[in-house]
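Work through these exercises with the structure open beside you. Try each task before you read its solution.

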Amino acid sequence: MYLGVRRALTWWRVWTPTVAMMLLSLLSYVDRNVLALLSPTILRDTGLSVTQYGWMISAFSAAYFLGNPFWGRVLDRHGVRAGLLVSVAIWTAASVSHAFAYGVLAFMAARFALGFGEGATFPGGLRTATLSLRADQRARGIALAYSGGSLGAVITPLLVTPIALAWGWRAAFRVTGLFGAAWLLLWGIVSRDARLDRAAPRLDAAADGFDANTPRLTDPSIQGFMLAYAFGGLPLGFVLYGAPIHLGRGLGCDQATLGHWLWLPPLGWEVGYFFWGWIVDRAAAAGRTGPAFFRRLFPWLALLGAPLAAAGVVRSLAIVLALLFLGMFASAGFVIVSLAEVTHRHSTRHGAYLAGLGAGSWSGLMTLAMLVFAPLLDRKAYPAAYALASASFAVAWLGWSLASRRVSAASAPLPRSSA
(Lines give C-alpha, C1' and ligand atoms only; values in the text may rest on other atoms or scores of the structure.)
Protein backbone atom coordinates (compact mmCIF):
# COMPACT_ATOMS: atom_id res chain seq x y z
CA MET A 1 0.00 0.00 0.00
CA TYR A 2 2.87 2.34 0.80
CA LEU A 3 4.33 1.82 -2.67
CA GLY A 4 0.92 2.47 -4.22
CA VAL A 5 0.52 5.74 -2.36
CA ARG A 6 4.05 6.75 -3.26
CA ARG A 7 3.44 6.05 -6.96
CA ALA A 8 0.22 8.03 -6.87
CA LEU A 9 2.00 10.99 -5.27
CA THR A 10 4.79 10.77 -7.83
CA TRP A 11 2.26 10.68 -10.67
CA TRP A 12 0.46 13.68 -9.23
CA ARG A 13 3.67 15.69 -8.84
CA VAL A 14 4.73 14.93 -12.42
CA TRP A 15 1.36 15.55 -14.07
CA THR A 16 -0.09 18.37 -11.95
CA PRO A 17 1.34 21.20 -14.13
CA THR A 18 -0.16 19.62 -17.24
CA VAL A 19 -3.51 19.15 -15.49
CA ALA A 20 -3.42 22.87 -14.66
CA MET A 21 -2.88 23.58 -18.37
CA MET A 22 -5.89 21.42 -19.23
CA LEU A 23 -7.96 23.59 -16.89
CA LEU A 24 -6.50 26.67 -18.58
CA SER A 25 -7.51 25.55 -22.08
CA LEU A 26 -10.96 24.72 -20.69
CA LEU A 27 -11.19 28.23 -19.23
CA SER A 28 -10.12 29.78 -22.53
CA TYR A 29 -12.88 28.05 -24.47
CA VAL A 30 -15.49 28.96 -21.88
CA ASP A 31 -14.43 32.61 -22.01
CA ARG A 32 -14.35 32.81 -25.80
CA ASN A 33 -17.68 30.99 -26.28
CA VAL A 34 -19.82 33.04 -23.89
CA LEU A 35 -20.38 35.78 -26.47
CA ALA A 36 -21.38 33.31 -29.18
CA LEU A 37 -23.68 31.37 -26.87
CA LEU A 38 -25.48 34.49 -25.61
CA SER A 39 -25.29 36.48 -28.86
CA PRO A 40 -29.07 36.50 -29.58
CA THR A 41 -29.79 38.10 -26.20
CA ILE A 42 -26.79 40.44 -26.33
CA LEU A 43 -27.63 41.72 -29.83
CA ARG A 44 -31.25 42.24 -28.86
CA ASP A 45 -30.40 44.15 -25.68
CA THR A 46 -27.69 46.32 -27.21
CA GLY A 47 -29.31 46.89 -30.61
CA LEU A 48 -26.20 45.71 -32.44
CA SER A 49 -26.45 43.99 -35.82
CA VAL A 50 -25.22 40.57 -36.90
CA THR A 51 -22.67 42.31 -39.13
CA GLN A 52 -21.29 44.13 -36.10
CA TYR A 53 -21.24 40.83 -34.24
CA GLY A 54 -19.07 39.51 -37.08
CA TRP A 55 -16.64 42.38 -36.52
CA MET A 56 -16.35 41.34 -32.87
CA ILE A 57 -15.49 37.76 -33.87
CA SER A 58 -12.93 39.03 -36.38
CA ALA A 59 -11.32 41.22 -33.70
CA PHE A 60 -10.81 38.15 -31.52
CA SER A 61 -9.42 36.06 -34.40
CA ALA A 62 -6.98 38.76 -35.48
CA ALA A 63 -5.65 39.22 -31.94
CA TYR A 64 -5.46 35.45 -31.40
CA PHE A 65 -3.49 35.14 -34.65
CA LEU A 66 -0.98 37.72 -33.38
CA GLY A 67 -0.96 36.58 -29.76
CA ASN A 68 0.01 32.94 -30.30
CA PRO A 69 3.53 33.46 -31.69
CA PHE A 70 4.05 36.49 -29.41
CA TRP A 71 3.30 34.57 -26.24
CA GLY A 72 5.18 31.55 -27.57
CA ARG A 73 8.37 33.60 -27.69
CA VAL A 74 7.66 35.14 -24.27
CA LEU A 75 7.08 31.77 -22.61
CA ASP A 76 10.18 30.23 -24.18
CA ARG A 77 12.40 33.12 -23.11
CA HIS A 78 10.98 33.98 -19.69
CA GLY A 79 9.32 30.79 -18.50
CA VAL A 80 5.71 29.69 -18.21
CA ARG A 81 5.27 30.71 -14.58
CA ALA A 82 5.44 34.49 -15.06
CA GLY A 83 4.25 34.50 -18.65
CA LEU A 84 0.99 32.72 -17.94
CA LEU A 85 0.28 34.82 -14.86
CA VAL A 86 0.45 37.94 -17.05
CA SER A 87 -1.47 36.56 -20.04
CA VAL A 88 -4.31 35.06 -17.99
CA ALA A 89 -4.63 38.27 -15.97
CA ILE A 90 -5.01 40.18 -19.26
CA TRP A 91 -7.66 37.91 -20.67
CA THR A 92 -9.55 37.63 -17.38
CA ALA A 93 -9.84 41.42 -17.23
CA ALA A 94 -10.88 41.43 -20.90
CA SER A 95 -13.57 38.82 -20.27
CA VAL A 96 -15.04 40.81 -17.39
CA SER A 97 -14.94 44.01 -19.47
CA HIS A 98 -17.63 42.55 -21.78
CA ALA A 99 -20.07 43.09 -18.92
CA PHE A 100 -19.55 46.86 -19.18
CA ALA A 101 -19.65 47.14 -22.99
CA TYR A 102 -22.56 48.70 -24.87
CA GLY A 103 -21.31 49.75 -28.32
CA VAL A 104 -19.58 47.77 -31.03
CA LEU A 105 -16.21 49.45 -30.47
CA ALA A 106 -16.21 48.54 -26.79
CA PHE A 107 -17.05 44.92 -27.61
CA MET A 108 -14.37 44.81 -30.30
CA ALA A 109 -11.78 46.17 -27.88
CA ALA A 110 -12.78 43.57 -25.28
CA ARG A 111 -12.65 40.78 -27.87
CA PHE A 112 -9.24 41.93 -29.13
CA ALA A 113 -7.78 41.94 -25.61
CA LEU A 114 -9.36 38.55 -24.91
CA GLY A 115 -7.93 37.03 -28.09
CA PHE A 116 -4.48 38.46 -27.46
CA GLY A 117 -4.35 37.13 -23.89
CA GLU A 118 -5.71 33.73 -24.87
CA GLY A 119 -2.89 33.40 -27.39
CA ALA A 120 -0.77 32.00 -24.54
CA THR A 121 -3.07 29.02 -23.92
CA PHE A 122 -1.70 26.37 -26.24
CA PRO A 123 1.93 27.57 -26.31
CA GLY A 124 1.79 27.35 -22.51
CA GLY A 125 0.28 23.87 -22.63
CA LEU A 126 2.92 22.48 -24.96
CA ARG A 127 5.75 24.23 -23.14
CA THR A 128 4.62 22.90 -19.78
CA ALA A 129 4.31 19.34 -21.12
CA THR A 130 7.79 19.40 -22.68
CA LEU A 131 9.35 20.81 -19.51
CA SER A 132 7.69 18.51 -17.01
CA LEU A 133 7.25 15.15 -18.81
CA ARG A 134 9.52 12.48 -20.26
CA ALA A 135 9.82 12.19 -24.03
CA ASP A 136 7.56 9.12 -24.12
CA GLN A 137 4.87 10.97 -22.12
CA ARG A 138 4.81 14.25 -24.02
CA ALA A 139 2.25 13.46 -26.73
CA ARG A 140 -0.23 12.39 -24.05
CA GLY A 141 0.74 15.45 -22.04
CA ILE A 142 0.06 17.73 -25.00
CA ALA A 143 -3.24 15.92 -25.55
CA LEU A 144 -4.21 16.45 -21.90
CA ALA A 145 -3.20 20.12 -21.95
CA TYR A 146 -5.13 20.76 -25.18
CA SER A 147 -8.15 18.66 -24.21
CA GLY A 148 -9.64 21.39 -22.05
CA GLY A 149 -10.62 23.20 -25.25
CA SER A 150 -12.95 20.43 -26.34
CA LEU A 151 -14.25 20.05 -22.78
CA GLY A 152 -14.95 23.78 -22.73
CA ALA A 153 -16.95 23.48 -25.94
CA VAL A 154 -19.04 20.77 -24.29
CA ILE A 155 -19.72 22.41 -20.93
CA THR A 156 -20.08 26.12 -21.81
CA PRO A 157 -23.83 25.87 -22.59
CA LEU A 158 -24.43 23.86 -19.42
CA LEU A 159 -22.43 26.27 -17.27
CA VAL A 160 -23.25 29.69 -18.71
CA THR A 161 -26.91 29.41 -19.74
CA PRO A 162 -28.31 29.02 -16.18
CA ILE A 163 -26.27 32.02 -15.00
CA ALA A 164 -27.51 34.20 -17.85
CA LEU A 165 -31.11 33.13 -17.35
CA ALA A 166 -30.97 33.83 -13.62
CA TRP A 167 -28.97 37.07 -13.50
CA GLY A 168 -28.57 38.30 -17.09
CA TRP A 169 -25.85 38.05 -19.73
CA ARG A 170 -23.63 40.67 -18.08
CA ALA A 171 -23.46 38.53 -14.94
CA ALA A 172 -22.18 35.61 -17.04
CA PHE A 173 -19.10 37.62 -18.01
CA ARG A 174 -18.50 38.64 -14.40
CA VAL A 175 -18.60 35.01 -13.31
CA THR A 176 -15.98 34.06 -15.91
CA GLY A 177 -13.73 36.59 -14.20
CA LEU A 178 -14.06 34.61 -10.98
CA PHE A 179 -13.03 31.45 -12.84
CA GLY A 180 -9.96 33.27 -14.15
CA ALA A 181 -9.02 34.51 -10.70
CA ALA A 182 -9.35 30.96 -9.32
CA TRP A 183 -7.01 29.62 -12.01
CA LEU A 184 -4.44 32.33 -11.30
CA LEU A 185 -4.44 31.29 -7.65
CA LEU A 186 -4.00 27.63 -8.63
CA TRP A 187 -1.17 28.45 -11.04
CA GLY A 188 0.60 30.53 -8.40
CA ILE A 189 0.84 27.33 -6.34
CA VAL A 190 1.45 24.74 -9.06
CA SER A 191 4.06 26.73 -10.97
CA ARG A 192 6.45 26.75 -8.02
CA ASP A 193 7.66 23.49 -9.54
CA ALA A 194 11.37 24.00 -10.29
CA ARG A 195 10.93 22.51 -13.77
CA LEU A 196 8.83 25.53 -14.74
CA ASP A 197 11.09 28.30 -13.50
CA ARG A 198 12.82 30.86 -15.69
CA ALA A 199 16.07 28.87 -15.97
CA ALA A 200 14.40 25.78 -17.38
CA PRO A 201 14.32 26.94 -21.04
CA ARG A 202 18.13 27.20 -20.98
CA LEU A 203 18.59 23.64 -19.79
CA ASP A 204 16.74 21.57 -22.36
CA ALA A 205 18.30 22.99 -25.53
CA ALA A 206 21.66 21.38 -24.81
CA ALA A 207 20.02 18.17 -23.66
CA ASP A 208 18.12 17.42 -26.86
CA GLY A 209 21.08 18.03 -29.18
CA PHE A 210 19.32 20.40 -31.60
CA ASP A 211 20.22 23.83 -32.93
CA ALA A 212 19.18 26.33 -30.25
CA ASN A 213 18.29 29.02 -32.80
CA THR A 214 14.63 29.97 -33.15
CA PRO A 215 12.95 27.97 -35.98
CA ARG A 216 12.47 30.08 -39.08
CA LEU A 217 9.32 30.36 -41.16
CA THR A 218 11.41 29.58 -44.25
CA ASP A 219 12.21 26.14 -42.84
CA PRO A 220 10.19 23.54 -44.82
CA SER A 221 9.57 21.51 -41.68
CA ILE A 222 7.94 24.56 -40.05
CA GLN A 223 5.89 25.25 -43.18
CA GLY A 224 4.72 21.64 -43.30
CA PHE A 225 3.77 21.74 -39.62
CA MET A 226 1.74 24.93 -40.05
CA LEU A 227 -0.07 23.51 -43.10
CA ALA A 228 -0.89 20.25 -41.29
CA TYR A 229 -2.06 22.02 -38.13
CA ALA A 230 -4.08 24.76 -39.86
CA PHE A 231 -5.83 22.73 -42.55
CA GLY A 232 -6.07 19.56 -40.45
CA GLY A 233 -7.60 21.53 -37.59
CA LEU A 234 -9.93 23.61 -39.78
CA PRO A 235 -12.88 21.15 -39.44
CA LEU A 236 -12.82 21.70 -35.66
CA GLY A 237 -13.76 25.35 -36.15
CA PHE A 238 -16.14 24.61 -38.99
CA VAL A 239 -18.14 22.09 -36.96
CA LEU A 240 -18.26 24.35 -33.89
CA TYR A 241 -19.50 27.36 -35.86
CA GLY A 242 -21.39 25.67 -38.68
CA ALA A 243 -23.04 22.60 -37.20
CA PRO A 244 -25.66 24.50 -35.13
CA ILE A 245 -26.74 26.41 -38.24
CA HIS A 246 -26.88 23.29 -40.38
CA LEU A 247 -28.78 21.21 -37.84
CA GLY A 248 -31.18 24.05 -37.04
CA ARG A 249 -31.95 25.39 -40.50
CA GLY A 250 -31.12 22.32 -42.56
CA LEU A 251 -32.50 19.48 -40.44
CA GLY A 252 -35.13 21.47 -38.54
CA CYS A 253 -33.77 20.87 -35.05
CA ASP A 254 -35.11 23.27 -32.41
CA GLN A 255 -32.95 24.87 -29.70
CA ALA A 256 -33.79 22.18 -27.15
CA THR A 257 -32.71 19.42 -29.55
CA LEU A 258 -29.48 21.22 -30.35
CA GLY A 259 -28.70 21.62 -26.67
CA HIS A 260 -29.45 17.94 -26.13
CA TRP A 261 -27.13 16.57 -28.85
CA LEU A 262 -24.47 19.10 -29.79
CA TRP A 263 -22.10 17.91 -27.08
CA LEU A 264 -21.45 14.75 -29.13
CA PRO A 265 -19.20 16.17 -31.90
CA PRO A 266 -16.80 17.85 -29.42
CA LEU A 267 -16.61 14.53 -27.61
CA GLY A 268 -14.94 13.15 -30.75
CA TRP A 269 -12.46 16.01 -30.46
CA GLU A 270 -11.76 15.09 -26.83
CA VAL A 271 -11.38 11.36 -27.50
CA GLY A 272 -9.19 12.12 -30.51
CA TYR A 273 -6.68 14.10 -28.50
CA PHE A 274 -6.09 11.23 -26.08
CA PHE A 275 -6.23 8.42 -28.65
CA TRP A 276 -3.69 9.99 -31.01
CA GLY A 277 -1.50 11.08 -28.11
CA TRP A 278 -1.44 7.45 -26.97
CA ILE A 279 -0.56 6.26 -30.48
CA VAL A 280 2.40 8.64 -30.73
CA ASP A 281 3.67 7.86 -27.22
CA ARG A 282 3.54 4.12 -27.91
CA ALA A 283 5.71 4.68 -30.96
CA ALA A 284 8.04 6.98 -28.99
CA ALA A 285 8.51 4.38 -26.25
CA ALA A 286 9.54 1.87 -28.93
CA GLY A 287 11.87 4.39 -30.62
CA ARG A 288 9.77 4.45 -33.81
CA THR A 289 8.92 8.15 -34.12
CA GLY A 290 11.09 8.70 -37.17
CA PRO A 291 10.01 10.35 -40.44
CA ALA A 292 8.53 7.11 -41.81
CA PHE A 293 6.13 6.86 -38.86
CA PHE A 294 4.60 10.27 -39.57
CA ARG A 295 4.53 9.66 -43.33
CA ARG A 296 2.36 6.62 -42.68
CA LEU A 297 0.11 8.30 -40.12
CA PHE A 298 -0.95 11.47 -41.96
CA PRO A 299 -2.65 9.73 -44.93
CA TRP A 300 -4.64 7.55 -42.54
CA LEU A 301 -5.86 10.68 -40.77
CA ALA A 302 -6.89 12.23 -44.10
CA LEU A 303 -8.77 9.07 -45.07
CA LEU A 304 -10.50 8.94 -41.69
CA GLY A 305 -11.75 12.51 -42.07
CA ALA A 306 -13.03 12.12 -45.64
CA PRO A 307 -16.56 10.91 -44.66
CA LEU A 308 -17.27 14.34 -43.16
CA ALA A 309 -18.21 15.43 -46.70
CA ALA A 310 -21.34 13.24 -46.53
CA ALA A 311 -22.77 15.20 -43.57
CA GLY A 312 -24.09 17.83 -45.96
CA VAL A 313 -26.36 15.42 -47.83
CA VAL A 314 -27.47 12.98 -45.10
CA ARG A 315 -30.91 13.68 -43.58
CA SER A 316 -30.61 11.46 -40.50
CA LEU A 317 -29.64 13.40 -37.37
CA ALA A 318 -27.96 10.35 -35.84
CA ILE A 319 -25.78 9.75 -38.90
CA VAL A 320 -24.87 13.43 -39.21
CA LEU A 321 -23.81 13.53 -35.54
CA ALA A 322 -21.71 10.38 -36.09
CA LEU A 323 -20.00 11.98 -39.10
CA LEU A 324 -19.32 15.17 -37.15
CA PHE A 325 -17.88 13.08 -34.29
CA LEU A 326 -15.60 11.24 -36.73
CA GLY A 327 -14.53 14.47 -38.43
CA MET A 328 -13.53 16.10 -35.14
CA PHE A 329 -11.78 12.88 -34.07
CA ALA A 330 -9.64 12.97 -37.23
CA SER A 331 -9.05 16.70 -36.93
CA ALA A 332 -7.79 16.29 -33.35
CA GLY A 333 -5.38 13.70 -34.75
CA PHE A 334 -3.90 16.22 -37.17
CA VAL A 335 -3.34 18.69 -34.33
CA ILE A 336 -1.66 16.19 -31.99
CA VAL A 337 0.38 14.37 -34.64
CA SER A 338 1.64 17.57 -36.28
CA LEU A 339 2.70 18.91 -32.87
CA ALA A 340 4.42 15.63 -32.04
CA GLU A 341 6.25 15.61 -35.38
CA VAL A 342 7.55 19.16 -35.14
CA THR A 343 8.62 18.82 -31.49
CA HIS A 344 10.52 15.64 -32.37
CA ARG A 345 12.33 17.55 -35.12
CA HIS A 346 13.13 20.82 -33.31
CA SER A 347 14.54 21.75 -29.93
CA THR A 348 12.03 21.63 -27.09
CA ARG A 349 13.50 24.97 -26.05
CA HIS A 350 11.17 26.49 -28.65
CA GLY A 351 8.11 24.37 -27.81
CA ALA A 352 5.86 27.30 -26.90
CA TYR A 353 6.84 29.22 -30.04
CA LEU A 354 6.10 26.19 -32.20
CA ALA A 355 2.70 25.75 -30.55
CA GLY A 356 2.04 29.44 -31.14
CA LEU A 357 2.85 29.09 -34.83
CA GLY A 358 0.43 26.17 -35.09
CA ALA A 359 -2.48 27.79 -33.27
CA GLY A 360 -1.81 31.12 -34.97
CA SER A 361 -1.83 29.56 -38.44
CA TRP A 362 -5.12 27.83 -37.59
CA SER A 363 -6.67 31.08 -36.39
CA GLY A 364 -5.54 32.93 -39.51
CA LEU A 365 -6.94 30.25 -41.78
CA MET A 366 -10.24 30.16 -39.87
CA THR A 367 -10.60 33.93 -40.23
CA LEU A 368 -10.39 33.57 -44.01
CA ALA A 369 -12.31 30.29 -44.22
CA MET A 370 -15.37 31.67 -42.44
CA LEU A 371 -15.64 34.31 -45.17
CA VAL A 372 -16.28 31.36 -47.51
CA PHE A 373 -18.25 29.07 -45.19
CA ALA A 374 -20.64 31.70 -43.84
CA PRO A 375 -22.20 32.60 -47.24
CA LEU A 376 -22.51 28.89 -48.10
CA LEU A 377 -24.32 28.20 -44.85
CA ASP A 378 -26.49 31.27 -45.33
CA ARG A 379 -27.56 29.95 -48.76
CA LYS A 380 -28.08 26.47 -47.28
CA ALA A 381 -25.39 25.09 -49.57
CA TYR A 382 -24.49 22.49 -46.97
CA PRO A 383 -23.04 19.85 -49.35
CA ALA A 384 -20.52 22.37 -50.69
CA ALA A 385 -19.60 23.59 -47.21
CA TYR A 386 -18.98 20.10 -45.85
CA ALA A 387 -17.11 19.07 -49.00
CA LEU A 388 -14.71 21.98 -48.55
CA ALA A 389 -14.26 21.21 -44.86
CA SER A 390 -13.52 17.57 -45.64
CA ALA A 391 -11.11 18.50 -48.45
CA SER A 392 -8.99 20.37 -45.91
CA PHE A 393 -7.80 17.01 -44.54
CA ALA A 394 -6.30 16.11 -47.90
CA VAL A 395 -4.75 19.57 -48.22
CA ALA A 396 -3.18 19.14 -44.76
CA TRP A 397 -1.67 15.79 -45.68
CA LEU A 398 -0.43 16.83 -49.12
CA GLY A 399 0.92 20.16 -47.82
CA TRP A 400 2.87 18.44 -45.08
CA SER A 401 4.14 15.76 -47.49
CA LEU A 402 5.39 18.28 -50.05
CA ALA A 403 7.06 20.39 -47.39
CA SER A 404 8.69 17.39 -45.71
CA ARG A 405 10.33 16.39 -49.00
CA ARG A 406 12.07 19.75 -49.04
CA VAL A 407 13.60 19.32 -45.62
CA SER A 408 17.36 19.46 -46.09
CA ALA A 409 19.21 16.21 -45.65
CA ALA A 410 21.71 18.19 -43.62
CA SER A 411 19.15 19.20 -41.00
CA ALA A 412 19.05 17.46 -37.65
CA PRO A 413 17.31 14.07 -37.85
CA LEU A 414 14.45 13.09 -35.62
CA PRO A 415 15.96 11.73 -32.40
CA ARG A 416 15.14 8.43 -30.84
CA SER A 417 12.81 8.96 -27.90
CA SER A 418 14.17 8.17 -24.47
CA ALA A 419 12.54 7.73 -21.12
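**Exercise 1.** Find the helix that holds Phe373. Then decide whether Phe373 is buried or exposed, and list what Phe373 touches beyond its sequence neighbours.

*Solution.* This is a predicted model.
- Step 1. Phe373 sits in helix H15, which spans residues 351-378.
- Step 2. The relative accessibility of Phe373 is 4%. Buried means under 20%, so Phe373 counts as buried.
- Step 3. Leave out residues up to four places away in sequence; Phe373 then touches Leu234, Phe238, Ala385, Leu388 and Ala389.
- Step 4. Take Leu388 from that list. Leu388 and Phe373 are 15 residues apart along the chain, and their C-alpha atoms are separated by 8.6 Å.

**Exercise 2.** How do helices H7 and H12 run relative to each other, and which kinds of residue make up their contact?

*Solution.* 
- Step 1. Locate the helices: H7 covers residues 138-167 and H12 covers residues 264-285.
- Step 2. Read the geometry. The packing angle is about 180°, and the axes are 8 Å apart.
- Step 3. Angles over 145 degrees count as roughly antiparallel, so H7 and H12 are roughly antiparallel to each other.
- Step 4. Look at the contact. The H7 side includes Tyr146, Leu151 and Val154, and the H12 side includes Trp269, Tyr273 and Phe274.
- Step 5. Sort the contact residues of H7 and H12: 14 are nonpolar, four polar and four charged.

**Exercise 3.** Classify the aromatic pair of Phe70 and Phe116. Why does the pair tie together parts that are apart in sequence?

*Solution.* 
- Step 1. The ring centres of Phe70 and Phe116 are 5.3 Å apart, with 35° between the planes. The pair is tilted.
- Step 2. Phe70 lies in helix H3 (residues 50-78) and Phe116 in helix H5 (residues 104-118), so the pair links parts 46 residues apart in sequence.
- Step 3. Phe70, with a relative accessible area of 41%, is partly exposed. Phe116, at 24%, is also partly exposed.
- Step 4. Look for a ring cluster elsewhere. Ring pairs join Tyr29, Phe122, Tyr146, Trp269 and Tyr273.

**Exercise 4.** Which residues have the most contacts inside the largest nonpolar core?

*Solution.* 
- Step 1. The core has 96 residues, and Leu84, Tyr146 and Trp183 have the most contacts inside it.
- Step 2. Helix H14 (residues 317-345) gives the largest share of this core, 15 residues.
- Step 3. A second, separate core has 20 residues, including Leu26 and Ala101.
- Step 4. Now follow Leu84. Beyond four places in sequence, its contacts include Met21, Leu75, Trp183 and Trp187.

Key: Residues are numbered from 1 along each chain as its sequence is written. This is a predicted model: local features need pLDDT of at least 70, side-chain atom pairs count only at pLDDT 80 or more; totals for chains, interfaces and linings use all residues. Side-chain values use heavy atoms; hydrogens and water are left out. Axes are lines fitted to C-alpha atoms, for helices over the stretch in contact, and angles run from 0 to 180 degrees between N-to-C directions. Helices (H or I, at least four residues) and strands (E, at least two) are DSSP runs, numbered from the N terminus. Angles under 35 degrees count as roughly parallel, over 145 as roughly antiparallel, 65 to 115 as roughly perpendicular and the rest as oblique. Contact means heavy atoms within 4.5 Å. Ala, Val, Leu, Ile, Met, Phe, Trp, Tyr, Cys and Pro count as nonpolar, Asp, Glu, Lys and Arg as charged, and the others, Gly among them, as polar. A nonpolar core is a set of buried Ala, Val, Leu, Ile, Met, Phe, Trp, Tyr and Cys residues joined through side-chain atoms within 4.5 Å. Buried means under 20% relative accessible area, exposed over 50%, partly exposed in between (1.4 Å probe, protein chains only). Rings of Phe, Tyr and Trp (its six-membered ring) pair if their centres lie within 6.5 Å; planes under 30 degrees apart count as stacked, over 60 as edge-to-face and the rest as tilted.
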